[in-house]
Amino acid sequence: MYTGLKHLHSTLAYVLLAGLVISILYVLFAYLQNKGYNRKMALLGLICAHLQFVVGLIIYFVSPYGVQNASGAMQNSISRLYFLEHPLTMLIAVVLITVGYSRAKRQPTAKKQNASVLLFYAIGLILILSRIPWHVWPQS
Ligand code: HEM
Ligand code: HEM
């Protein structure tokens, strides 16, 4: 169970990064060329983010680096990353991505819809990149 979840979380990280980059590039070009807003292309990044978040939440309760690590969590930077910084930053990133998508629905023009997704997804992506455990991923 744990090994399977770990592989899933590790694989979905590629899917999420690819999905977000595709969504961002798509809305960026639509924004720059004053094209219409394509909700499905924004949905791609949103679904990848929600899916990975749910798997992350499950792994948090199964992994020795998650809740089970509560007592030793603040003692070294790796433990702190998995116990606190990684989950918290990813939560903020996924909330921002969801806000960007949700907010786009209420914007009056396609330009503003594209801008909403572009801004919030880009901040989300930066946050995600800042707290990926680069010392073990993508190697494992
Ligand atoms: C949504 C964006 C997220 C991304 C892109 C992401 C990415 C990753 C990556 C690349 C790893 C390293 C996997 C490996 O060892 O190869 C990892 C590990 C881990 N993640 Fe996430 N994660 C996300 C969200 C979350 C959330 C929301 C939680 C918890 C609530 C979480 C908890 C964990 C834990 C506990 C590990 C360590 C697993 C272990 O090695 O036992 N992740 N994550
Ligand atoms: C912790 C679990 C989850 C929470 C709290 C959550 C939360 C939300 C919220 C608040 C929205 C509304 C965005 C809006 O205003 O349109 C949303 C939309 C959506 N979520 Fe999740 N989500 C979760 C898990 C998932 C999972 C596992 C999937 C599927 C892979 C998923 C797929 C979607 C889709 C497709 C939408 C867009 C619906 C639309 O087009 O309006 N979510 N989610």
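Mentor: Start with one definition: a residue is buried under 20% relative accessible area, exposed over 50%, and partly exposed in between, using a 1.4 Å probe and protein chains only. This is a predicted model, where local features need pLDDT of at least 70 and side-chain atom pairs count only at pLDDT 80 or more, while totals for chains, interfaces and linings use all residues. Residues are numbered from 1 along each chain as its sequence is written, chains are lettered from A and ligands numbered from 1 in the order in which they are written, and side-chain values use heavy atoms, with hydrogens and water left out.

Trainee: Is N34 buried or exposed?

Mentor: N34 sits in the loop between α1 and α2. Its phi is positive, about 55°, although N34 is not a glycine. Its relative accessibility is 57%, so N34 counts as exposed.

Trainee: What pattern does the protein follow along the sequence?

Mentor: Helices (H or I, at least four residues) and strands (E, at least two) are DSSP runs, numbered from the N terminus. The protein has four helices and zero strands. Along the sequence, the pattern reads α-α-α-α.

Trainee: How many of the residues count as buried, as a percentage?

Mentor: Along the principal axes, the C-alpha atoms fill a box of roughly 50 × 25 × 20 Å. The protein has 140 residues, and the share that counts as buried is 39%.

Trainee: Are α1 and α2 roughly parallel or roughly antiparallel?

Mentor: Axes are lines fitted to C-alpha atoms, for helices over the stretch in contact, and angles run from 0 to 180 degrees between N-to-C directions. Helix α1 (residues 2-32) packs on helix α2 (residues 39-62) at about 155°, with the axes 8 Å apart. That angle makes the pair roughly antiparallel; the cut-offs are under 35 degrees for roughly parallel, over 145 for roughly antiparallel, 65 to 115 for roughly perpendicular, and the rest are oblique. The word for α1 and α2 is roughly antiparallel.

Trainee: How many nonpolar residues has the contact of α1 with α2?

Mentor: Ala, Val, Leu, Ile, Met, Phe, Trp, Tyr, Cys and Pro count as nonpolar, Asp, Glu, Lys and Arg as charged, and the others, Gly among them, as polar. The contact of α1 with α2 has six polar residues and one charged residue, and its nonpolar count is 20.

Trainee: What is the handedness of the crossing of α2 and α3?

Mentor: The axes of α2 and α3 come within 10 Å and cross at roughly 155°. These two helices are therefore roughly antiparallel to each other. A crossing is left-handed if the near helix is turned anticlockwise from the far one by less than a right angle, and right-handed if clockwise. The crossing of α1 and α2 is left-handed, and the crossing of α2 and α3 is left-handed.

Trainee: What is the arrangement of donor atoms around the iron atom of ligand 1?

Mentor: H9 (NE2) and H86 (NE2) coordinate this iron at 2.0 Å; H9 lies in helix α1 and H86 in helix α3 (residues 77-105), 77 residues apart. Donors are N, O and S atoms within 2.8 Å of the metal (3.2 Å for Na, K and Ca), and water is not among the atoms, so sites may look incomplete. Four donors count as tetrahedral if all angles lie between 85 and 135 degrees; four count as square planar and six as octahedral if opposite donors are over 155 degrees apart and all others between 65 and 115; anything else is irregular. Here six donor atoms subtend angles of 84 to 178°, which makes the arrangement octahedral.

Trainee: Are H9 and H86 buried or exposed?

Mentor: Both residues coordinate the iron atom of ligand 1. H9 and H86 are each buried.

Trainee: Which residue is the only protein donor of the iron atom of ligand 2?

Mentor: Look in helix α2, where this histidine is found. Its ND1 atom is 2.1 Å from the iron, and the residue is H50.

Trainee: Which residue does a cis peptide bond join to W137?

Mentor: Look in the segment after α4 (110-130). The omega of the bond is about 10°, and the partner of W137 is P138.

Trainee: How far apart in space are P138 and S10?

Mentor: P138 is partly exposed, at 42% relative accessibility. P138 and S10 are 128 residues apart in sequence, and their C-alpha to C-alpha distance is 7.7 Å.

Trainee: What separates the C-alpha atoms of I97 and I123?

Mentor: I97 is in helix α3. At 0% relative accessibility, I97 counts as buried. I97 and I123 are 26 residues apart along the chain, and their C-alpha atoms are separated by 8.2 Å.
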